Amino acid sequence: MHQFFIYNVNAIKIATKYANQGSLEDFLIERRSGINNFLTDPNSITKLVVGIVFAMIYLYSNKIYHLDLKPSNILIDDDGIPFISDYL
């Protein structure tokens, strides 16, 4: 079962999947300190990076411009799939 959160941004409602692993920023800080062993193999890291690239291509091809992409705006689920947030 998926958990979703609904945000109300100027009457636009956005439902996002719950990203249990937190943000990419959290992941990088925990990884540097040796706390997090999530996404340790090169294939998982590649999947994460490719997911971010495809998400940004999708947004820009639909004339949605992020303007503030940073690790804290990239959320990661339990499968290592990234979700871009804070793009409105």
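Among contacts in the protein (heavy atoms within 4.5 Å) between residues at least 6 apart in sequence, 47% join residues at least 24 apart. The model is predicted: local features need pLDDT of at least 70, side-chain atom pairs count only at pLDDT 80 or more, and totals for chains, interfaces and linings use all residues. Residues are numbered from 1 along each chain as its sequence is written, and side-chain values use heavy atoms, with hydrogens and water left out.

The protein contains 2 helices and 4 strands, where helices (H or I, at least four residues) and strands (E, at least two) are DSSP runs numbered from the N terminus. Read from the N terminus on, these elements follow the order β-β-α-α-β-β. The accessible surface of the protein, computed by the Shrake-Rupley method with a 1.4 Å probe, comes to about 6300 Å². Carbon and sulfur atoms account for 59% of that surface. Of the 88 residues in the protein, 26% are buried; buried means under 20% relative accessible area, exposed means over 50%, and partly exposed lies in between (1.4 Å probe, protein chains only).

In soluble globular proteins, nonpolar side chains tend to be buried together. The largest nonpolar core here has 11 residues: Leu24, Phe27, Phe38, Leu39, Leu48, Ile52, Met56, Leu59, Ile74, Ile76 and Ile84. Two or more core residues are given by each of helix H1 (24-32), helix H2 (42-61) and strand E3 (74-76), and H2 supplies the largest share, with 4 residues. A core of this kind is a set of buried Ala, Val, Leu, Ile, Met, Phe, Trp, Tyr and Cys residues joined through side-chain atoms within 4.5 Å. One of its members, Phe38, touches Gln21, Phe27, Arg31, Ile76, Asp77, Asp78 and Gly80, leaving aside residues up to four places away in sequence.

Nonpolar residues also form a surface patch of about 510 Å², made by Ile45, Val49, Val50, Val53, Phe54 and Ile57. Patch residues have over 30% relative accessible area and no salt bridge; like charges are joined within 9 Å, and nonpolar side chains (Val, Leu, Ile, Met, Phe, Trp, Tyr) within 5 Å. Val53 is found in helix H2 and is partly exposed, with a relative accessible area of 43%.

Side chains of opposite charge can pair when their charged atoms come close. A salt bridge requires a side-chain nitrogen of Lys or Arg within 4 Å of a carboxyl oxygen of Asp or Glu, and by this rule the count is 1. Asp68 forms a salt bridge with Lys70, their closest N and O atoms being 3.4 Å apart. Asp68 is partly exposed at 33% relative accessible area, and Lys70 is partly exposed at 36%.
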